[in-house]
Amino acid sequence: MSKSKPVMDWQAIKAEVHRRGMTLTELAIRSGLHSSLLRKLNTITHYEGQATLASFIEQKPEHLWPNRYPKKSSGILDTAKYPPLESQKSNAAADTRVAA
């Protein structure tokens with residue numbers, strides 16, 4: 001599985017916040033988060049904090065931290081390939097040849 005590269009590294013993210021006239025601490029406080037939370041996003045995963053920071057610098061969190069947002073595949077199974085299992089509570093007789 002190939003990992004996509006982030007749009008910006010951590011230093012660039014912090015620099016962009018500062019260019020916009022804000023600090024990570026002040027942004028966290030104004031967003032109702034703990035004052036040190038956004039400073040720790042480089043090492044911890046906090047989806048609300050990541051969304052706050054990404055929206056402030058007009059990016060998507062999936063682009064800044066691609067390894068924290070894996071691409072999801074469809075949860076729908078192909079019933080032709082994976083037919084439904086027979087219930088253990090069904091009235092069908094047990095296959096004694098397979099069970100033995």
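Okay, let's start with arginine 20 and glutamate 58, whose side chains meet in a salt bridge at 3.7 Å, N to O. By salt bridge I mean a side-chain nitrogen of Lys or Arg within 4 Å of a carboxyl oxygen of Asp or Glu. Arginine 20 sits in the loop between H1 and H2, and glutamate 58 in the loop between H3 and H4, so this pair ties together parts that are 38 residues apart in sequence.

A quick word on where this comes from: it's a predicted model, where local features need pLDDT of at least 70 and side-chain atom pairs count only at pLDDT 80 or more, while totals for chains, interfaces and linings use all residues. Residues are numbered from 1 along each chain as its sequence is written, and side-chain values use heavy atoms, with hydrogens and water left out.

Which other partner does arginine 20 have in a salt bridge? That's glutamate 16, with the closest N and O atoms 2.7 Å apart. Glutamate 16 is in helix H1, residues 10–19. Is glutamate 16 buried or exposed? Buried, at 16% relative accessibility. Here buried means under 20% relative accessible area, exposed over 50%, and partly exposed in between, using a 1.4 Å probe and protein chains only. Arginine 20 is partly exposed at 33%, and glutamate 58 is exposed at 61%.

Now over to helix H2. Arginine 30 forms a salt bridge with glutamate 26, the closest N and O atoms being 2.9 Å apart. Both lie in H2, four residues apart, about one turn of the helix. Why does that spacing work out? An α-helix has 3.6 residues a turn, so residues three or four places apart point the same way. Arginine 30 is exposed at 60%, and glutamate 26 is partly exposed at 31%. As for networks, salt bridges that share partners join Glu16, Arg19, Arg20 and Glu58 into one. A search of the whole structure finds four salt bridges.

Last stop, helix H3. Its buried residues are Gly49, Gln50, Thr52, Leu53 and Ala54. They pack against H1, H2 and H4. Across the chain, buried residues make up 25% of the 100 residues.

Notes: Helix = DSSP H or I, 4+ residues; strand = E, 2+ residues; numbered from the N terminus. Contact = heavy atoms within 4.5 Å.
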